[in-house]
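Here is a walk through one protein model.

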Amino acid sequence: MKYYYLHPFKPQYFFPKDFKKHKIMRSFYKPYSFVGFMSWWLFKNSIIYRTLFEKNNIETHIPEKNIRRIVGTKALMAFNTGTTGVEQKITALGVINKEEFFIKYAKTEISIFNVVNEHNVLQQLSSLNYVPKVLDYYQDDQQVLLKTTVLEGNRLGFILMNDNILDCLINLEKMQIKTHKEPSTSLKKSFAHGDFCPWNMMINKNKILLYDWEMAGNYSLGYDLFTFIFQSNFLLNPKKSLDIIFLENEKFVIKYFSHFNISEWKEYLVNFAKEKIEVEKNKSVNNLLFKYQNLLKYA
């Protein structure tokens, strides 16, 4: 099958020839920079531009044949290779018999652990209408594949914390979920998405929808809140100072912890920074390690 890829010098996204016929595939890539926006616009609107980045065989980037043995040979899919490293996973949006679906495929030890965790969490959250539903699941000694429904909504770009997002965080805390991720701490814990950032969110009729639950777990209270505030800014606004980030978000932090009758919330921020430092140390690419070390000093 013929594919076109983004980006020109670092192939990561692979789109089938007829991807423009499917709204779901046109929404697969979300640019966050001017260069990314222009590249995506040219890719969608110029067949000449796309043909410059054409491949008839993508096996060197994506184990397509192996994935199709599980999903089916007739499925039309757009792939994302993911970030290289020990946590690398391949994701895809696809259509088969007019049914839209999302898949996550993993082969490394850590990525398999994360996808297994996501499957476990989604099964327990199956009654909620703002998370994906599990359609299929395959696991053996060397690989795991999770297939889910696709959420309907508009993907978020960078967005500041607001009351709608805060309500979503407070509702998540009420969930009693068993997960494979539960860092040790003496502080109050709560269930958390684990990677609560704009790129894992959609909005539909002012309702927040959440996907990518592989990092979900029972963390110290406020883990998702601080992830949204700091990780989103660290990655999307890297030049913004900690002073400005605090100034923009302190009222929401106070409001969140007040809901749980906690006035001394800074110990939760300290614990969050320490947890994130350990997470970053274990990554192949730990660009945020320095950011969280600074946050720990600041807190």
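Start with helix H10. The face of H10 turned away from its buried side carries Phe290 and Lys297, both exposed (over 50% relative accessible area; buried is under 20%, partly exposed lies in between, with a 1.4 Å probe and protein chains only). Helices here are DSSP runs of H or I with at least four residues, strands are E runs of at least two, and both are numbered from the N terminus.

This is a predicted model: local features need pLDDT of at least 70, side-chain atom pairs count only at pLDDT 80 or more, and totals for chains, interfaces and linings use all residues. Residues are numbered from 1 along each chain as its sequence is written, and side-chain values use heavy atoms, without hydrogens and water.

Now turn to the other side of H10. The helix spans residues 289-298, and Leu289, Tyr292 and Leu295 are buried in it. Seen down the axis of H10, these buried residues fall within an arc of 120°, so they line one face of the helix. The arc is that of the directions from the helix axis to the C-beta atoms. What covers them? The cover includes helices H7 (223-236), H8 (242-259) and H9 (266-281).

Step back to the whole. The protein chain has 10 helices and 13 strands. Its C-alpha atoms fill a box of roughly 60 × 40 × 40 Å along the principal axes. Of the 299 residues, 49% are buried.

Conventions. Contact = heavy atoms within 4.5 Å.
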